[in-house]
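Please look at the model first.

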Amino acid sequence: MEHNFLVVGLNPTLQNTFFFPTVHLGQVNRAARHRLDVAGKGVNTSRILVQLGESVVNISQAGGRHLT
């Protein structure tokens, strides 16, 4: 039996993830790189369902200009 999921997420957000090769307490630490991802309960639920092999359609509102 095939499962299809429709996930409606009303609280999307953008999440910046910064990567630091080392961290020194009390000093300035500079990120080596960063990544911009979508997040929120609906997105996270959809991501897990896809990892479980399910078919998912995610509906959410997002728009405007997003600076990285």
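Asp 37 is partly exposed, at 25% relative accessible area (buried is under 20%, exposed over 50%, partly exposed in between, with a 1.4 Å probe and protein chains only). This is a predicted model, in which local features need pLDDT of at least 70, side-chain atom pairs count only at pLDDT 80 or more, and totals for chains, interfaces and linings use all residues. Residues are numbered from 1 along each chain as its sequence is written, and side-chain values use heavy atoms, without hydrogens and water.

**Salt bridge**
- The structure has 1 salt bridge (a side-chain nitrogen of Lys or Arg within 4 Å of a carboxyl oxygen of Asp or Glu).
- Arg 35 and Asp 37 form this bridge through their side chains, at 2.8 Å from N to O.
- Arg 35 is partly exposed, with 42% relative accessible area.

**Phe 5**
- Phe 5 is partly exposed, at 31% relative accessibility.
- Ser 55 is 50 residues away along the chain, yet its C-alpha atom is 6.2 Å from that of Phe 5.
- Leaving out residues up to four places away in sequence, Phe 5 touches Leu 49, Glu 54, Ser 55, Val 56 and Val 57 (contact means heavy atoms within 4.5 Å).

**Leu 6**
- Leu 6 also belongs to strand 1.
- Leu 6 is exposed, at 56% relative accessible area.

Terms used:
Helix = DSSP H or I, 4+ residues; strand = E, 2+ residues; numbered from the N terminus.
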